[in-house]
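We will walk through it together, one region at a time.

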Amino acid sequence: MDEMLLLTRILLVGFICALLVSSGLTCGPGRGIGKRRHPKKLTPLAYKQFIPNVAEKTLGASGRYEGKITRNSERFKELTPNYNPDIIFKDEENTGADRLMTQRCKDKLNALAISVMNQWPGVKLRVTEGWDEDGHHSEESLHYEGRAVDITTSDRDRSKYGMLARLAVEAGFDWVYYESKAHIHCSVKAENSVAAKSGGCFPGSATVHLEQGGTKLVKDLSPGDRVLVADAEGRLLYSDFLTFLDREDGSHKLFYVIETRQPRARLLLTAAHLLFVAPQHNQSQAGTPSSRALFASRVRPGQRVYVLGEGGRQLLPAAVHSVSLREEASGAYAPLTAQGTILINRVLASCYAVIEEHSWAHWAFAPFRLLQGLLAALCPSGAVVPGGAPATHGIHWYSRLLYRIGSWVLDSDSLHPLGMVVPSS
């Protein structure tokens, strides 16, 4: 079975690479065979501009403040010193505090140091403020947790600071602010915060409708289950459950709570997951050209989602009454069906997350669905299809592969900032 799993992965990777080379992802001019990838044009940040364009301590940026770290606190072990010789630390307190930071902050800072030297030969990155143990910053500053740094260039040439901020964005800092004429402020998510690990999932308490009747908790789905979905025209049908794209049993997550009144429904899903939203001007059914899939974090009261009507025979557009946030510890699960859609708690949702293009995501999973079908036909009845078993904890390897390809091909703005947790490099 291990050999079959290895063969499956090799075939899938080869198929994807061939498709990418031949079609350039079918979403634009493409690079074509043998064309050189042109360097991305970088635009300096304007004074007082911050990226992303949300408040620093919100989910879309570095996340909430988790408490001050002191040398005597248990969390002090979360900080690690940075002795990178390519970075100049001001350390005006002469205590080494500016060198202390979280591992995530250290990784991003080291990446930025390389970018600075490449951008301006002979110039190094300079850190003026890192971890603050003396209370010099505003209340609940991320400097108190070692999650923020203030930076300049070693030559202190202020004409470079706009570009320095842009380089910090490209290096992967979760929030970058051209805060002062004298420095750039950068911060990162907490190592284990819900903000850093929200993913694209539903809670384990969510339910799906089964073809044989009744409902089932999403966490209990297994190969062979057929669940209620909708096709591109909004017609209800049953589709095979294939696997979990993400499965985290018992994990603690922050979910968006989408509630409607007519028909009444309540759906919990993470920020980066896609939810189908109906057009505002008519009563067209789900799947019409004017309907679209939005990140859950972008759904607002007054917009309409598709809810299973009484009797369970059709989808009805239902106005969103409220959108709120709720933390749950029931786990997080991202089921994949052959159709690419699923009704969760009677609300129509996409099986996909991270990129706000349901059709692109469904196309990208075509090789996986094809091999699932072929292997299901070849394997004896009742055998587990390699790569499709839902027992694996964490993000599915195929999802990770697509995310890495997407990160290379697409602009960072095309991917939700909370879409997927990948190991720091």
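Strand β6 and strand β8 (residues 183–187) run beside each other in the antiparallel sense, joined over four bridges. Please keep in mind that this is a predicted model. On its other pairing, β6 meets strand β5 (residues 125–129), again in the antiparallel sense and over four bridges.

How many residues of β6 are buried? The answer is six of its six residues, so count the strand, which spans residues 148–153, as mostly covered; buried here means under 20% relative accessible area. Now look at where the side chains go. In a regular strand they alternate between the two faces of the sheet. You can follow this in β6: Ala148, Asp150 and Thr152 point one way, while Val149, Ile151 and Thr153 point the other way. Residues of both sets are buried.

Let us move to helix α2. This helix has 17 residues and reaches 24 Å from its first C-alpha to its last, close to the 24 Å expected at 1.5 Å a residue. Several of its residues are buried, among them Arg104, Lys106, Leu109, Leu112 and Val116.

Leaving out residues up to four places away in sequence, Thr80 touches Arg99, Leu100, Met101, Thr102, Gln103 and Lys106.

Next come the charged side chains. The structure holds 15 salt bridges. In one of them, the side chains of Asp174 and Arg104 meet, with N to O at 2.9 Å. This pair links distant parts of the chain, 70 residues apart: Asp174 is in the loop between α3 (161–171) and β7 (175–180), and Arg104 is in helix α2 (residues 103–119). Are these two partners buried or exposed? Asp174 counts as buried because its relative accessibility is 11%, and Arg104 counts as buried because its value is 18%.

Another salt bridge joins the side chains of Asp157 and Lys160, also at 2.9 Å from N to O. Here Lys160 is buried, at 13% relative accessible area, whereas Asp157 is partly exposed, at 27%.

Glu211 forms a salt bridge with Arg226, and their closest N and O atoms are 2.7 Å apart. Glu211 lies in the loop between β10 (207–209) and β11 (215–217) and Arg226 lies in strand β12 (residues 226–230), so this pair ties together parts that are 15 residues apart in sequence. Glu211 is partly exposed, with a relative accessible area of 42%, and Arg226 also counts as partly exposed, at 27% relative accessibility. Salt bridges can link up too: Arg75, Glu78, Glu145 and Arg147 are joined in a network of them.

Now for the nonpolar residues. In soluble globular proteins, nonpolar side chains tend to be buried together. The largest nonpolar core in this model has 65 residues, and the members that touch the most others are Leu275, Leu336, Ile344, Tyr352 and Phe365. Strand β22 (residues 347–353) gives the most to this core, with six residues. Which residues is Phe365 in contact with, leaving aside its neighbours within four places in sequence? They are Leu245, Leu336, Tyr352, Tyr398, Ser399 and Leu402. A second, separate core has 29 residues, including Leu112, Val123, Leu167 and Ile184.

Our last stop is Val299, which has its place in the loop between β17 (292–295) and β18 (304–308). Although this residue is in a loop, Val299 is buried, with a relative accessible area of 1%. Not counting residues up to four places away in sequence, Val299 touches Ile258, Leu275, Val277, Val320 and Val323. Take Val277 from that list: Val299 and Val277 are 22 residues apart along the chain, and their C-alpha atoms are separated by 8.1 Å.

Methods: Residues are numbered from 1 along each chain as its sequence is written. This is a predicted model: local features need pLDDT of at least 70, side-chain atom pairs count only at pLDDT 80 or more; totals for chains, interfaces and linings use all residues. Side-chain values use heavy atoms; hydrogens and water are left out. Buried means under 20% relative accessible area, exposed over 50%, partly exposed in between (1.4 Å probe, protein chains only). Helices (H or I, at least four residues) and strands (E, at least two) are DSSP runs, numbered from the N terminus. Two strands pair if DSSP finds at least two bridges between them. A salt bridge is a side-chain nitrogen of Lys or Arg within 4 Å of a carboxyl oxygen of Asp or Glu. A nonpolar core is a set of buried Ala, Val, Leu, Ile, Met, Phe, Trp, Tyr and Cys residues joined through side-chain atoms within 4.5 Å. Contact means heavy atoms within 4.5 Å. The expected span of a helix is 1.5 Å times one less than its number of residues.
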